[in-house]
Amino acid sequence: MNTIAYILTFSCAVHCLLLPFLVVSFPLIGHIYDLHFIELPLLLSSILIGCFITYKGYCKHKKQHTLVLFLIGALFWLAHMVLEVFHIHSSEFLLIGFGSVFVLGSYFLNHRYFMIITQVKKEVY
């Protein structure tokens with residue numbers, strides 16, 4: 001488990017270091033990310049990994065609202081994708097924004113509840 005945490009932490013650090021360079025170059029390479037066959041697998045993998053993370057936390061702390069928050073966020077993301085396929089761009093930033101807020105909220109609560117559970121277990125033993 002520690003190895004996975006180290007790998008994820010390192011990839012997060014690399015992501016945070018490289019993202020500013022990518023954002024600056026988006027006007028030059030932005031057309032690459034506008035392809036649905038690239039965006040759909042990224043979206044589905046994000047949702048699958050998020051489901052796995054949220055479910056693993058739920059198995060420990062049994063708080064259902066973390067699952068509900070994640071599913072609401074994922075539904076916003078999917079609604080954005082469906083509207084984008086049909087070229088309806090009027091509310092895409094709202095859907096992505098609200099979806100991300102719900103998903104991040106579920107991750108935050110999931111992590112918080114998990115840390116509370118592990119803290120209680122340390123005090124008991």
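Here is a walk through the aromatic rings and the nonpolar core of this structure.

First, some ground rules: this is a predicted model, where local features need pLDDT of at least 70, side-chain atom pairs count only at pLDDT 80 or more, and totals for chains, interfaces and linings use all residues. Residues are numbered from 1 along each chain as its sequence is written, and side-chain values use heavy atoms, with hydrogens and water left out.

Let's start with the rings. A pair of aromatic rings is described by the distance of the centres and the angle of the planes. Here, rings of Phe, Tyr and Trp (its six-membered ring) pair if their centres lie within 6.5 Å; planes under 30 degrees apart make a stacked pair, over 60 an edge-to-face one, and the rest are tilted. That rule gives four aromatic pairs. One of them joins Tyr 55 and Tyr 58, a tilted pair at 6.3 Å centre to centre with 35 degrees between the planes. You'll find both in helix α2 (residues 36-61), three residues apart, or about one turn of the helix. Helices here are DSSP runs (H or I, at least four residues), as are strands (E, at least two), numbered from the N terminus.

Tyr 58 is buried at 18%, whereas Tyr 55 is partly exposed at 48%.

Now move along to Phe 76 and Phe 102. Their ring centres are 5.7 Å apart and their planes are at 20 degrees, so this pair is stacked. Phe 76 belongs to helix α3 (residues 64-85) and Phe 102 to helix α4 (residues 92-124), so the pair ties together parts that are 26 residues apart in sequence. Phe 76 is partly exposed at 25%, and Phe 102 is partly exposed at 27%. Ring pairs also bring in Phe 98, making a cluster of Phe 76, Phe 98 and Phe 102.

Next comes the core. A nonpolar core is a set of buried Ala, Val, Leu, Ile, Met, Phe, Trp, Tyr and Cys residues joined through side-chain atoms within 4.5 Å. The largest one has seven residues: Leu 43, Ile 47, Phe 70, Ala 74, Trp 77, Met 81 and Val 103. Two or more residues come from each of α2 and α3, and α3 gives the most, with four.

Key:
Buried means under 20% relative accessible area, exposed over 50%, partly exposed in between (1.4 Å probe, protein chains only).
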